[in-house]
Amino acid sequence: MYTLLSGLYKYMFQKDEFCILILGLDNAGKTTFLEQTKTKFSKHYKGMSLSKITTTVGLNIGTIDVGKARLMFWDLGGQQELQSLWDKYYAESHGVIYVIDSTDEERLSESKEAFEKMISSEALEGVPLLVLANKQDVENCLSVPDIKTSFSDCAAKIGKRDCLVQSCTALTGQGVNEGIEWMVKCVVRNIHRPPRQKDIT
Ligand SMILES: Nc1nc2c(ncn2[C@@H]2O[C@H](COP(=O)(O)OP(=O)(O)OP(=O)(O)O)[C@@H](O)[C@H]2O)c(=O)[nH]1
Ligand SMILES: [Mg+2]
């Protein structure tokens, strides 16, 4: 009876947990996106004022529940000297959200270089990639098609991974739900996939 009840309890309440990295250059809007996500997906979360967010030196964490999935976010600092720390988190992550500042055309190639380096890591093979074209509220910013064109030569490196370029305004929340729901769908589907050949011991 106990086994039956504990099985039922687990079925009803236990969540599958996924670690999601939030990466991108400094000033892209990663922490703003994380705060907006926590505000939208956690009923009782009293978010900090978005205007008070300052540059991230270590990391920010956050957890949300979406259906039977629990997403644990690690938002890492994007400054150049902090980018060398990103790969310490790759092996544990189930998905990556890569944030781009669509108003910063000058640093778009720098952002692409950081993205290419990140996706070249073997530890991220098969991991879904959500690319956010952030700050779409700013007039004359780069559009989603502009960013897709600039990143088009990454296609081979992305390979068969799930990848979505999503329009987003972290400040207002536009595109946040769509992005998170897409990520949940991908990571949940991945746990039901048979392991990759090299994972079989
Ligand atoms: N206009 C506009 N500004 C935004 C948006 N998202 C973030 N910002 C602003 O961009 C600046 C940087 O935002 P952060 O969230 O601190 O950026 P970050 O990527 O976490 O930066 P690091 O922690 O330094 O890596 C802040 O002034 C934000 O208010 C957006 O959607 N639209
Ligand atoms: Mg930050």
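I am working from a predicted model.

**Entry 1: ligand 1**

I began with the residues around ligand 1. There are 23 of them, and Asp-26, Gly-29, Thr-55, Thr-56 and Gly-78 come nearest. I sorted the shell by class: twelve residues are polar, seven nonpolar and four charged. Which element gives the most to this shell? I find helix H2 (residues 30-41), with three residues.

**Entry 2: helix H2**

I checked its length. Its twelve residues should span 16 Å at 1.5 Å a residue, and the end C-alpha atoms are 16 Å apart, so the two agree. I then looked up burial. Lys-30, Thr-31, Phe-33, Leu-34, Glu-35, Gln-36 and Thr-37 are buried in H2. I noted the partners of these buried residues: they pack against S1, strand S2 (59-66), S3, S4, S5 and H6.

**Entry 3: the core**

I turned to the largest nonpolar core. It has 39 residues. Ile-22, Ile-97, Tyr-98 and Leu-132 have the most contacts inside it. The elements giving two or more residues to this core are S1, H2, strand S3 (69-76), S4, H3, strand S5 (129-134) and helix H6 (176-191). H6 gives the most, with six residues.

Leaving out residues up to four places away in sequence, Ile-22 touches Lys-30, Phe-33 and Leu-34 among others. Its list also includes Phe-73, Trp-74, Asp-75 and Leu-76, then Ile-97 and Val-99. Lys-30, Phe-33 and Leu-34 are also among the buried residues of H2.

**Entry 4: helix H6**

H6 has 16 residues and reaches 23 Å from its first C-alpha to its last, close to the 22 Å expected at 1.5 Å a residue. Its buried residues are Val-176, Gly-179, Ile-180, Met-183, Val-184, Cys-186 and Val-187.

I also picked out Glu-178, which lies in helix H6. Is Glu-178 exposed, partly exposed or buried? I count it as partly exposed, because it has 14 C-beta neighbours inside 10 Å. Burial would take 20 or more. Glu-178 is ten residues from Cys-168 in sequence, and their C-alpha atoms are 9.2 Å apart in space.

**Entry 5: helix H3**

Helix H3 (residues 108-119) has twelve residues. I find 16 Å from its first C-alpha to its last, close to the 16 Å expected at 1.5 Å a residue. Ser-111, Ala-114, Phe-115 and Met-118 are buried in H3. Why do they lie on the same side of H3? They cover an arc of only 100° around the axis, which puts them there. The general rule is that an α-helix has 3.6 residues a turn, so residues three or four places apart point the same way. I looked up what this buried set packs against: strand S1 (16-23) and strand S4 (95-101).

**Entry 6: two asparagines**

Last, I looked at backbone angles. Asn-27 has a phi near 75°, a positive value in a residue other than glycine. Asn-27 lies in the loop between S1 and H2. It counts as partly exposed because it has 15 C-beta neighbours inside 10 Å.

Asn-140 is not a glycine, yet its phi is positive, about 65°. I place Asn-140 in the loop between S5 and helix H4 (144-150). With 8 C-beta neighbours inside 10 Å, Asn-140 counts as exposed.

Technical notes. Residues are numbered from 1 along each chain as its sequence is written. Chains are lettered from A and ligands numbered from 1 in the order in which they are written. This is a predicted model: local features need pLDDT of at least 70, side-chain atom pairs count only at pLDDT 80 or more; totals for chains, interfaces and linings use all residues. Helices (H or I, at least four residues) and strands (E, at least two) are DSSP runs, numbered from the N terminus. The expected span of a helix is 1.5 Å times one less than its number of residues. A residue is buried if 20 or more other C-beta atoms lie within 10 Å of its own, exposed if 12 or fewer, and partly exposed in between; C-beta atoms are placed from the backbone. The arc is that of the directions from the helix axis to the C-beta atoms. Two residues are in contact if their C-beta atoms, placed from the backbone, lie within 7 Å. A residue is near a molecule or strand if its C-beta atom, placed from the backbone, lies within 6 Å of it. Ala, Val, Leu, Ile, Met, Phe, Trp, Tyr, Cys and Pro count as nonpolar, Asp, Glu, Lys and Arg as charged, and the others, Gly among them, as polar. A nonpolar core is a set of buried Ala, Val, Leu, Ile, Met, Phe, Trp, Tyr and Cys residues joined through C-beta atoms within 7 Å.
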